[in-house]
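Please read them with the sequence and the coordinates open beside you.

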Amino acid sequence: MAVSRTIFIAGAGIGGLTAALALAAKGFRIVVLEKAERLEEVGAGLQLSPNASRVLVGLGLLDRLRLRAVTPEAISIMSARAGGELMRLPLGEAATQAAGAPYWVVHRADLQAALAAAVGDHPDIELRLGATFEDAAAHARGLTIVHRSGNSRQNELANALIGADGVWSTVRQHLFPDVQPRFSGLIAWRGTIDATQLPKEFTARRVQLWMGPGAHLVAYPIAGGRQINVVAVVPGTWNRPGWSTAGHPSEVVDAFPAPHWPSAARMMLTAVDGWRKWALFGVPEGCEWSKGQVALLGDAVHAMLPFAAQGAGMAIEDATVLAQHLGGNTTEGAEGIARALRQYGRARQARVRRVQRAARQQGRIYHMTGPLAIARDLAIRALGPQRVLARQDWIYDWRP
Ligand SMILES: Cc1cc2nc3c(=O)[nH]c(=O)nc-3n(C[C@H](O)[C@H](O)[C@H](O)COP(=O)(O)OP(=O)(O)OC[C@H]3O[C@@H](n4cnc5c(N)ncnc54)[C@H](O)[C@@H]3O)c2cc1C
């Protein structure tokens, strides 16, 4: 390739690591800076629909993920008001065949570890842990990236910088200091249950989505089916940054009171050991995606409510589109890179905005009360599984 080759990525989350693999496949040399000293087992389950798994399979991750990811047989839509299942949406092998890619549920740490292992095997990617991105300055020779490891501050030259450093992005702060994450008024609680502790009907390879008054609950198997991942979303005012604050079980269990919530849902909540909570923040719609030779990716530019289960999926899609645009750029110098990054942003904006809106809309539907909840349940039953699934086609059928 004619253009110079070194790209720095800030952040070794799902988006940053996928971008590293996608860009290296286009012939770039990649340095990934990750502020954490270790890629820890923080976090819990992520859902990866075919639009995202297709990209990961294309990057050669099928074998690394197959053993850890679970392909659910179905998504059960449950209503607290109706006391049980409203509808079962078939997934499983037939859906994988039809989509040409699996629907996976996977522990975030397993996905990150699989991506990191692939990155570690790639000769053109260097992953530096304990390295915090601090600043970037553009000049005639490209970009100087300033980063810190312990007490040592270093400056290095690069041709482009990708900010994949999450919702609290330092790169975004550097580019667009006026853009601040907004608290949604909702708190997500997560925990896992050892699958052997639950009756068999709760450990089926199924995603259970419980909708109820002002709150909802999602549960599915991870870690090859050995654990059940439970996430409960409730309103609240606690809004500190971070992914893993310990919380008292009563805070979450009390948000799902009987008789509004059936015993099956409450039983799962009481079985969780070690609840952790994180406040749900979003990056406001309309954040710009790039400036000069610096671009944003994933949560850094579009952190969204998790109710469309597309937070990781959109970061993965961003990564492959970014690589297409940078890889297709044959113009020498800063202007060519800046143009490719602008085109990447333009290519992503409308789709991501639509997904952000769909996620907000889902949240409103899940939390309905009274007559609205009755109408919702009737409408879901009337639509039937095929039509409900078809409403996701615009998300799942996406191809790079
Ligand atoms: C620890 C953690 C746990 C999570 N748990 C869940 C979960 O349970 N469920 C869920 O739906 N989503 C979770 N998420 C969010 C989910 O991973 C993202 O929404 C999605 O995968 C998009 O990822 P991303 O790569 O854009 O950002 P992220 O996954 O947030 O990754 C950003 C990375 O950038 C690093 N970073 C930040 N600042 C700097 C800097 N200045 N220099 C270098 N590195 C930096 C962070 O340490 C992090 O590794 C979690 C994220 C994190 C970081």
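This is a predicted model: local features need pLDDT of at least 70, side-chain atom pairs count only at pLDDT 80 or more; totals for chains, interfaces and linings use all residues.

1. Strand S13, which spans residues 206–212, has seven of its seven residues buried, so the strand is largely enclosed by the rest of the structure. Arg206, Gln208, Trp210 and Gly212 point one way from S13, while Val207, Leu209 and Met211 point the other way. In a regular strand the side chains alternate between the two faces of the sheet.

2. On pairing, S13 runs parallel to strand S4 (residues 74–79), to which six bridges join it, and Leu209 of S13 is the bridge partner of Ile77. Strand S14 (residues 215–222) runs antiparallel to S13, with five bridges between them, and here Trp210 has Leu217 of S14 as its bridge partner. The hairpin formed by S13 and S14 has two residues between the strands, and Gly214 takes a positive phi near 70° there.

3. An N or O atom in the side chain of Arg108 lies 2.8 Å from an oxygen atom of the ligand, whereas a backbone N or O atom of Ile14 is 3.3 Å from a ligand oxygen atom. A polar backbone atom of Phe133 is 2.9 Å from a nitrogen atom of the ligand. Taken alone, the ligand exposes 920 Å², and the protein buries 89% of that.

Note on methods:
Residues are numbered from 1 along each chain as its sequence is written. Side-chain values use heavy atoms; hydrogens and water are left out. Buried means under 20% relative accessible area, exposed over 50%, partly exposed in between (1.4 Å probe, protein chains only). Helices (H or I, at least four residues) and strands (E, at least two) are DSSP runs, numbered from the N terminus. Two strands pair if DSSP finds at least two bridges between them. A polar contact is a pair of N or O atoms within 3.5 Å; within protein, one must be able to donate a hydrogen and the other to accept it, and residues adjacent in sequence count only if both atoms are side-chain atoms. Accessible areas come from the Shrake-Rupley method with a 1.4 Å probe; for residues, only the protein chains shown count as cover.
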